[in-house]
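Here is a short report on one protein model. Look at the sequence and the fold first, then read on.

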Amino acid sequence: MSKISLTFEEDYSFLLIGISCHAKDYRLCWELNKLLNFDLTRANDHEISNKKKEKNSYSFYEYFDEEHYLEYYLIANRGNDAYLIPEQKTVDFFLMIKGNLSEQKLQTLLYTINSLSLVSTSFTIDPNQLKSKQNLIL
């Protein structure tokens, strides 16, 4: 009897914005919701198990834009004991966008996020270049 093996490839076809902001997660969400007409709401924490089988939790917010078929997720980079993406220690939050967002709308979004007084900076990140990209799979 022959064996069949399946290979599973993760899908990293999403936009990722790194946000440096020393405010609390709920404060950033409130500002983003107000400024961008979003409705980011708190969801269950994003949990990742490390090599020692210890779970780390990261605050997690989500918003589904049904009109434009876009999904937005705001994930904290700092958990209870570790970073979600250790190679991006200067980033406090990640804004993940799934769906088709034009380059012009992305630049407008970045400009708007950077205009917030509590945000130090925001910038796009290529998820395929991250060593810990598997931690971003929801």
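How many bridges join strand β5 to strand β6? Six bridges link β5 (residues 60–65) and β6 (residues 70–76), and the two strands run antiparallel.

## Basis of the model

This is a predicted model: local features need pLDDT of at least 70, side-chain atom pairs count only at pLDDT 80 or more, and totals for chains, interfaces and linings use all residues. Residues are numbered from 1 along each chain as its sequence is written, and side-chain values use heavy atoms, leaving out hydrogens and water.

## The sheet

Six strands make an open sheet, ordered β2-β5-β6-β7-β1-β8, with antiparallel pairing. Strands β2 (41–42) and β8 (119–125) are the edges, each pairing on one side only. Helix α2 (residues 103–114) packs on the sheet and touches β1 (15–21), β6, β7 (93–98) and β8. Its direction makes about 160° with that of β8.

Some terms: helices (H or I, at least four residues) and strands (E, at least two) are DSSP runs, numbered from the N terminus. Two strands pair if DSSP finds at least two bridges between them. Contact means heavy atoms within 4.5 Å. Axes are lines fitted to C-alpha atoms, for helices over the stretch in contact; angles run from 0 to 180 degrees between N-to-C directions.

## Two positive phi values

Most residues other than glycine have a negative phi. Asparagine 37 has a phi near 60°. Asparagine 37 sits in the loop between α1 (25–36) and β2. Tyrosine 69 has a positive phi of about 55° and lies in the loop between β5 and β6.

Asparagine 37 is exposed at 64% relative accessibility. Tyrosine 69 is exposed too, with a relative accessible area of 71%. Exposed means over 50% relative accessible area, buried under 20%, and partly exposed in between (1.4 Å probe, protein chains only).
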